[in-house]
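User: I have a model to go through with you. Can we start with the terms and then take the details as they come?

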Amino acid sequence: MEVLNSLAYGFSVALTPFNLLMAFIGCLVGTVVGALPGLGPTNGVAILIPVAFALGLPPSSALILLASLYYGAMYGGRISSILLNIPGDEPAVMTTLDGYPMAQKGEAATALALSAVASFIGATLSTVGLTLFAPLLAQIAIHFGPAEYFALFVLAFAMLSGIATRNPIKSLIAALLGLVLSTIGTDPQTGIPRYTFGIYKLYEGLDFIIALVGLFAVSEFLFFIENPGAMHFADRPLGRVRISFRDIRFSLGAMLRGSGVGFISGVLPGAGASLGSFVAYTMERRISNQNDTFGKGDPRGVAAPEAGNNAAAGGALVPMLTLGVPGSGTTAVLLALLISLNITPGPLLFQQHPDVVWGLIAALYVANLMLLVMNLPLVGIFARMLAVPPWILMPGVVMIAYVGVYSINHSIFDLLLITGFGLLGYVLRKLDIPLVPVVLGLLLGGIMETNLRRALSISGGDWSILISSPLTWGLWALVVLMLGLSVFFEVRHARRQRQLAHAEVPD
Amino acid sequence: MSDRLTGLVLLALAVAYGVTASGFETRFGDPLGPAIFPLVLAIPLGLFSLYLIVRPDPEPDWARGRPLLKQALTLIVFVAYAYVLEPLGFIVATLLGVAALGWLLGARLWQSAAAGLGIALVLFLLFNSLLGLPLPAGVLALRG
């Protein structure tokens with residue numbers, strides 16, 4: 001019952017008029033950002049973080065704003081998937097498979113309504129899971145020492161390498177690049193400047209927010225200008241959005257299964273919402289595809305991935321809040337916000353800042369209700385947003401990012417830095433080197449180094465402390481398992497490609 | 001080829017990074033000091049970049065011709081924006097910036113200029129007046 005008390009306290013934080021307003025703005029902006037192709041939750045949060053920071057919002061309000069945006073983007077992603085067959089963001093890719101065929105059959109309104117309900121169920125169930133599960137995990141994590149934390153961070157990168165890209169080596173390179181960037185600046189323990197090249201501005205280290213805005217928002221613009229045709233907006237007439245109880249009952253099983261699978265894949269560090277919707281869809285097709293209706297507009301093929309990606313969004317908050325290890329790119333960004341606000345995430349967060357944690361959890365229930373209301377009757381308005389021409393939209397979005405960054409320090413150097421990071425992000429993405437590990441590395445580098453050095457100074461420089469407890473054995477075993485699996489999949493994939501190539505070339 | 005080149009650049013980075021790190025001095029009570037973490041990073045980074053050189057992925061599809069030119073112009077706009085923001089002020093700089101970017105995205109010049117004016121005014125009102133985050137007024141301040 002302790003959980004209920006904490007939750008009641010959380011609602012007392014979340015239901016203040018100001019925080020309700022933050023949740024509302026977050027939901028609204030999130031749905032729009034999610035709906036627009038090319039702008040995903042990470043971009044949305046990246047664009048708004050500088051604004052939240054420059055405004056000096058209190059930590060709980062800033063987190064409520066950005067977490068609502070995160071949930072909102074998960075709802076919004078489905079709109080263009082269903083109407084245009086263009087996923088609004090990466091997790092919404094699976095929704096196109098049955099959502100667009102439904103729209104072609106003239107059932108776009110039903111698909112939108114059903115997916116809104118599925119999103120609501122997925123997000124609410126995973127928020128319940130977060131409420132129950134996070135405090136338990138925090139209790140286990142209290143026993144983590146510096147050696148365990150170091151292993152945990154390595155595990156987060158290993159998990160990411162298995163999922164983020166086809167070439168696991170490139171994902172590890174990305175993580176190392178981020179970690180290398182994190183060492184720029186004055187060493188906090190000895191005061192020695194490292195890798196600053198005498199540039200005064202670099203003594204404070206690279207600001208995470210600036211790297212993030214550049215890597216995501218600016219590089220996205222460079223991609224868009226290379227291939228503007230990838231994002232043609234269109235205005236389509238949309239019938240009245242109604243949903244019958246029968247439709248919901250038909251897909252209820254799919255929604256519940258999708259929520260469960262989604263939540264679990266969200267909890268795994270580094271996996272995130274894309275995996276959640278992918279696994280939810282594949283599993284549902286295996287279970288329910290008796291009449292070969294999947295891929296041709298089966299409502300369950302819309303319900304399952306939508307429940308899955310929304311549930312994963314909630315699940316990804318579990319490791320972020322309890323361990324300080326983000327479960328996805330967007331939670332990495334939320335984590336950065338906490339660290340920038342001088343709040344150390346991890347098991348102690350629940351004791352030291354209950355207003356932040358429980359206020360956030362309660363706000364997620366509220367945001368979900370808001371999003372359901374916004375996305376059932378008002379979905380037509382969001383769909384119309386897709387008709388705004390990109391030459392207004394994209395420059396506008398980039399300008400918000402620039403204004404936000406400028407407002408933090410009033411620094412021209414920062415504006416040049418985000419442009420530089422934009423170019424770097426573009427080149428890395430072209431080379432198939434994923435950006436999320438870079439961001440994660442830059443973010444976690446400081447804490448990882450502190451834990452490594454703390455562990456080694458406890459042991460007097462003896463490296464075996466890193467493998468000295470059963471907990472560390474378990475974590476390192478998982479690291480080896482994850483790396484082994486990703487190499488295995490990579491090799492198998494390469495072999496299949498080669499076989500295909502042989503099959504196509506007759507000799 | 002791109003991967004091999006990237007591998008070479010990263011290998012050079014890893015070596016320079018590691019060598020610089022071993023120059024950081026160690027102090028008493030912190031047995032491994034500020035050098036150890038960079039060394040822990042430099043070694044795997046070097047190994048992985050060797051892997052890239054030996055086994056590169058297929059060549060990515062780099063931009064060529066007009067798109068490449070447009071990207072270069074976009075970067076010039078971004079850099080120029082940073083330099084003119086304070087002298088010209090937010091409204092004028094943003095108007096010019098959005099007009100240029102919109103034009104690069106294929107809009108007619110009057111269309112993107114109109115969008116620039118609208119976006120500049122809306123953002124200025126939103127940030128400067130509503131949210132209370134001061135933005136440079138620049139040349140327009142002289143008139144006021």
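Analyst: Buried means under 20% relative accessible area, exposed over 50%, and partly exposed in between, with a 1.4 Å probe and protein chains only. This is a predicted model, where local features need pLDDT of at least 70, side-chain atom pairs count only at pLDDT 80 or more, and totals for chains, interfaces and linings use all residues. Residues are numbered from 1 along each chain as its sequence is written, chains are lettered from A and ligands numbered from 1 in the order in which they are written, and side-chain values use heavy atoms, with hydrogens and water left out.

User: Fine. How much of chain A is buried?

Analyst: Of its 507 residues, 61% count as buried. The accessible surface of chain A is about 18,900 Å² (Shrake-Rupley, 1.4 Å probe; for residues, only the protein chains shown count as cover). Carbon and sulfur atoms hold 65% of that surface.

User: What secondary structure does chain A have?

Analyst: Chain A has 20 helices and two strands. These are DSSP runs, numbered from the N terminus: H or I with at least four residues for helices, E with at least two for strands.

User: Switching to charges. How many salt bridges are there over all chains?

Analyst: There are 11. The criterion is a side-chain nitrogen of Lys or Arg within 4 Å of a carboxyl oxygen of Asp or Glu.

User: Which residue does A:Lys170 pair with?

Analyst: A:Lys170 makes a salt bridge to B:Asp3, at 2.8 Å from N to O. A:Lys170 is in helix α8 (residues 168-182) of chain A and B:Asp3 in helix α1 (residues 2-22) of chain B, so this pair joins two chains.

User: Are those two side chains buried or exposed?

Analyst: Buried: A:Lys170 has a relative accessible area of 1%, and B:Asp3 has 2%.

User: What about A:Arg429, which partner does it have?

Analyst: A:Arg429 bridges to A:Glu220, with 3.4 Å between the closest N and O atoms. The pair links distant parts of the chain, 209 residues apart, from helix α18 (residues 412-430) to helix α9 (residues 208-226) of chain A. A:Arg429 is partly exposed at 30%, whereas A:Glu220 is buried at 15%.

User: Which residues are joined into one network?

Analyst: Salt bridges with shared partners connect A:Asp187, A:Arg194, A:Glu449 and A:Arg453. Within that group, A:Arg194 and A:Asp187 meet at 3.8 Å, N to O. A:Arg194 is buried at 2%, and A:Asp187 is buried at 1%.

User: New topic. Where is A:Ser68, and what does it touch?

Analyst: A:Ser68 is in helix α4 (residues 59-84) of chain A and is buried at 1% relative accessibility. Leaving aside neighbours within four places in sequence, A:Ser68 contacts A:Ala23, A:Gly26, A:Cys27 and A:Ala367. Contact means heavy atoms within 4.5 Å.

User: Last one: what is the phi of A:His410?

Analyst: Positive, about 50 degrees, although A:His410 is not a glycine. A:His410 lies in the loop between α17 (390-409) and α18 of chain A and is partly exposed at 36%.
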